[in-house]
Amino acid sequence: MGNYVGKPVKRREDARFLKGAGTYTDDIKLRKMTQSAFVRSPYAHAKILNIDTSEAKKAEGVVAVFTAQDGCGEFGVPCGWQVDFKNGETMREPKHPLLAKDKIRHVGEAVAIVIAESLELARDAAELVSVDYEELPAVTDPKKAMDKDAPLVHDDWKDNAAFDWCIGNDRAEVEAALEKAHHVTEMEFRNQRLAPNAMEPRSYIADYDVNGDKWTLYTSTQNPHLIRLLMCAFALGIPEQKVRVVSKDVGGGFGSKVYHYTEECLVTWASKEIGRPVKWTSDRSEAFLTDAQGRDHVVKSKMGFDKDGKIVAHLTDEYCAMGAYLSTFAPAIPTYLHGTLFQGVYTTPLIHLNVTAPFTHTVPVDAYRGAGRPEATYLLERIVSKGAREMGIDPTEIRFKNFIPPFDGVEQEGYQTQVALQYDSGNYEGVLKKGLEMLGYEDFRKEQSEARKNGKLIGVGFSTYIEGCGIAPSAVVGALGARAGLYEVGQVRVQPTGKVSVFTGSHSHGQGHETVFAQFVADKLGIPMDDIEIEHGDTDQVAFGMGTYGSRSLSVGGSAIMKSIDKILEKGAKIAAHKLEAAEEDLDYAEGKWTVKGTDKSVSFGDVSLTAYVPHDYPEGLEPGLDFSSFYDPANFTYPFGTHIAVVEVDADTGRVMLNRFIAVDDVGNIMNPMIVDGQIHGGVAQGVGQALLEEVVYDEGGQMITGSYMDYAMPRADDLPMIETANTVTPCPHNPLGVKGAGEAGTIGSTPAVVNAVVDALAHLGVTDIQMPLKPQTVWKAMQN
Amino acid sequence: MIPAKFEYMKVSSVGEAVDLLEKHGFDAKILSGGHSLLPAMKLRLNRPEVLIDITGISGMDSITEQGDEIVIGANCTHSQLLRSELVQKQVNILAQAADTVGDVQVRNKGTIGGSLAHADPSADYPAVVLACDAVIVAEGKNGSREIAATDFFEGIFTTTLNDDEIITAIRFPKIAKGNYQKFYQSASRFAVVGVAVVRDGDSVKVGVTGVSDTPYRATAVEEAYAGNGDAAEHAVDDIEVMSDHFADVEYRSHLAKVMVKRALEA
Amino acid sequence: MKISIRINGKKHTDEVEPRISLTHYLRETLDMTGTHIGCDTSACGACTVTLNGDAVKSCTLLAVQADGAEVTTIEGMAKNGEMHPIQQAFKEKHGLQCGFCTPGMVMVAADILKHTPNPSEEDIRHGLKGNFCRCTGYHNIIKSIQHAAELINK
């Protein structure tokens, strides 16, 4: 396609990170900056009887101590998505206060902020705040939260449901088909709660400028514009144009930094109160207690098959935790980002999913890498494999039998699912075939039966996933309850010298936008990458943006930039035609210059740029300048897909699972930079494997988190993983200009069920049919004993 | 995260450290590698008023051969142990265990004396010192004394060290054949079960950590082994087995047997 | 307390509170923010520096403990504007994404390569146990360290 696109171009952002010269929020120091510390509840559910801040206020270096009684009590952070009850009742949307006033609803909820001259003094003084609580019973399990006698998280309503929801075909019809099915496979399990654990803890600095009556908020967010909008318009009620939000280098997000958090809102408010900058950086304990978490579904599902192994119906009921309050996108996760994926890659004719979303006395749940789609994929890929085993069909054969046939979305129409979406393009059998070749399936089965004779337990597991990303048409998401549009903004500013500044509303927190975006811009304009600068993460620089999540940067953000480049080239052609004294339609644009077709007469991009800014000899009626901004609102989601294969060995004595091989064949549409796509897959797979084998947030009955540190929350370390074997097929997305689908979440979505399927495969001859995640040695060993 | 305020004193002799311990009593803590103490202080779970840094005491980080023994200074880091040729040759089981402690950075700073004094029930060394019949040398206001490893551990985070005593060295007999088997906890990488087996002719000495709140010599295993019984089956005889979210009593007991078996067979 | 530490070849003398960690001293007093805090309890390795040549977690080391020592931080790895071979290798092999764990990874890699100049994949995985990366799945970090070994041994 060009000089850069499709090549493993090395990242331009690396040098600063490698030299320790990145600028993460906590690295920023402002003049007269104060530090803050929160006083947080040790209880999951309690009445606040009294807060005494008098000692803290007197402590050394303390600038201010605020509680909900101090004005900030009136504010709360909003939810950005509304899902109403099936019966029409409006979603129950409790106020999410910046500081708890009368009641505590999860461990770690803040009751006071202490602002001091230094972090150590803030922490010292925070210990002097004395709070009297009356502890109340708590509920942390989403299913138990719907029990009749469950403690209420919010007293305003008669039960804990935030909403309920369903999608797909008529339930009775699905039930009837299951009645008649040749075979029905059932599963009940918990898709366990996970802590996102971006390595950079959240960090904020709010700086109120008294003279200008303006705020600057430095924040570790994935979407600065949305934070500004939510905070100004829906939380604090301050004029949006007076607030600048800056989010430059961010140390990983994985969803957890999408949301508008109470802490960033509170420091913004407090900065004006004290007239000085206020910084807060989370420590890891606080991150466990307050970063929005992922998953936490209790699932009951039935899948019916005909005698040939074709799926005839699929019925699922789920309880999906919301946590104590509704986080920014929380209601969308177990619904529109989850239920809409229940078709999977199969031709299932009848599908019904019913979701009940209760409040629980836990930190809120929201999108975590994959967000709703890993949960859907886990269920589908596990139940299909389980059904295959029960019916004596090979797990790959059952998939080939049920695959939606290949379609490119151009010659063949997109595939209309039973759950609202229309897939763009896909070749699901293609990725499985490729994966099987890489694996050497037949040889593996031979090896496996030999191994079993020697008491060695090895297994293989498959996952043939699809996901919906590049979220997506504003009108569609609006109809589905989103309170924001989901387009993206891309501005291309050509400087008089022909150098180019690109401003994107997408946000890079590890994805490499500074490199990849420059690659396609350079190719499209036919200029060197060195002539292009990519700017993001500053609301004063970038017109608007919806940020980065849902693998949307390239497909939506990149497309917006492409639209602006089209406008640049269109206007440039007018100037070039004038300079070349030719008609626009007689010009070709290639390699950075306009040439009159069939001649060697040409004018360079640089010359045209200079002319646009020095318009002495210039087309009549044309505005000077060469600078365009575009909003791109996609026609549809994009649908990456793939096959993930895990090969495991289980230690028969201890139950410990060793992941010996992991094969990932992903189709993410066109690939701009294969090095970066591979990197995204590697990291995604690691997180998916983490869920399968290691990770789990555990609350005890009283609502205490017993996995609130790295001593108890097991996350993949280097020796937990093998090298990851990656490959791609390419089925371009038919509806965006780059033909890309998105690669950020594929690894996480596809991998988890492959690993669990592999362990079940290794143990199947011992009668094991299912194991609850994470597959801790103890859990696996116990499954083997039963 | 920042600890509460404290006073820091770096001492250059054992006597100085002992004097300070005597003076400050419970308010003082010895700082060696700091890898258990400092995180607890940062979380403000532990708030000593005085920290006595003993890493500057000369000679306390040496590894020497003294007759039939290898004498390890209490301030030797885990890295020092695993790389020491003397340890590798004469007490290889100790080098083996040292390599399973924490990670590179922790091993570069954490010390054997610190680990033993801290007496974390899931630490690695207790199993090794028990199986080796090592001797812990402690010094206090009444001078120096030697404590047999089997008399050293008293319970969770508690030892028979007096309040005014610090460990100065650990004396290991030369061990021809030993093996340490560890089943690590996936998050902390501490031992869910750690078993050290030392062979002496036809008999074995077995130290177990991680299983109970106090590390122990699995005498039932040793006896069964001597009697040619199924020794590993006795790994938790008469032991109160710990339970947590990674390993309940049933599983931990089973793991203890598996690890004993592996260490015996290695 | 008054301390004096040679950091990246330059002597720094300051008055610090004993409770201040070396990480905190580097970041807050010296404005050397390349050393990161990921967990502050010696589990994640983002704060790794070398102390007298050995990789240590600077969050679990009081600044006063480093008095008189020789410390190298990520800022001291590049020499005369030229990146250290480990840094070069990380760039070449895409061994970083968000960059937050990267300084710690580079510093621990230096320790690994010091003791095992030709490390196997297993050696590297063993050596990286004390460092979390949430972005890369470690795959390209391992390739980077292997590549760094090649560059250094060349």
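## A salt bridge within one helix

The side chains of K386(A) and E390(A) form a salt bridge, with N and O 3.1 Å apart. This is a predicted model. Both residues belong to helix α8 of chain A, which spans residues 373–391. They sit four residues apart, about one turn of the helix. Their surroundings can be compared through their accessible areas. K386(A) is buried, at a relative accessible area of 12%. E390(A) is partly exposed, at 36%.

Elsewhere, salt bridges with shared partners tie R40(A), R123(A), R202(A), E263(A), D283(A), E286(A) and D291(A) into one network. Over all chains, the whole structure holds 79 salt bridges.

## R171(A) and its two partners

Which residues pair with R171(A) in salt bridges? One is E175(A), whose closest N and O atoms with R171(A) are 3.0 Å apart. Another is D317(A), where the closest N and O atoms are 2.7 Å apart.

The D317(A) pair links distant parts of the chain. D317(A) lies in strand β14 (residues 311–320) of chain A, and R171(A) in helix α4 of chain A, 146 residues apart. The E175(A) pair stays within helix α4 (residues 171–180) of chain A. E175(A) and R171(A) are four residues apart there, so about one helical turn separates them.

R171(A) is partly exposed, with a relative accessible area of 26%. E175(A) is partly exposed too, at 34%. D317(A) is also partly exposed, at 22%.

## Nonpolar cores

In soluble globular proteins, nonpolar side chains tend to be buried together. Here the largest nonpolar core has 217 residues. W81(A), F662(A), L763(A) and L128(C) touch the most other members. Helix α17 of chain A, residues 746–763, gives this core its largest share, 10 residues.

What does L763(A) contact, leaving aside its neighbours within four places in sequence? Its partners are L457(A), V650(A), V768(A), I771(A), V780(A) and M784(A). Another core lies apart from the largest one. That core has 54 residues, including L20(B), I72(B), A134(B) and V198(B).

## Where chain C meets chain A

This contact takes 48 residues from chain C and 50 from chain A. The buried area is about 4300 Å², and carbon and sulfur atoms give 57% of it. On the chain C side, R125(C), F132(C) and R134(C) lose the most area to chain A, together 21% of what that side buries.

Six salt bridges are counted between chain C and chain A. K129(C) and D719(A) meet in a salt bridge at 3.9 Å, N to O. By class, the chain C side has 18 nonpolar, 17 polar and 13 charged residues.

## Where chain B meets chain C

Here 29 residues of chain B contact 31 residues of chain C. About 2400 Å² is buried, with 60% given by carbon and sulfur atoms. Y8(B), K42(B) and Q105(B) lose the most area in chain B, together 24% of what that side buries.

Two salt bridges are counted between these chains. K42(B) meets D40(C) in a salt bridge at 2.5 Å, N to O. In chain B, α2 (37–42), β3 (50–53) and α6 (104–109) each give two or more residues to the side that touches chain C. The largest share, six residues, comes from α6(B).

Methods:
Residues are numbered from 1 along each chain as its sequence is written. Chains are lettered from A and ligands numbered from 1 in the order in which they are written. This is a predicted model: local features need pLDDT of at least 70, side-chain atom pairs count only at pLDDT 80 or more; totals for chains, interfaces and linings use all residues. Side-chain values use heavy atoms; hydrogens and water are left out. Contact means heavy atoms within 4.5 Å. Buried area is the accessible area (1.4 Å probe) that two parts lose on being put together, summed over both. A salt bridge is a side-chain nitrogen of Lys or Arg within 4 Å of a carboxyl oxygen of Asp or Glu. A nonpolar core is a set of buried Ala, Val, Leu, Ile, Met, Phe, Trp, Tyr and Cys residues joined through side-chain atoms within 4.5 Å. Buried means under 20% relative accessible area, exposed over 50%, partly exposed in between (1.4 Å probe, protein chains only). Ala, Val, Leu, Ile, Met, Phe, Trp, Tyr, Cys and Pro count as nonpolar, Asp, Glu, Lys and Arg as charged, and the others, Gly among them, as polar.
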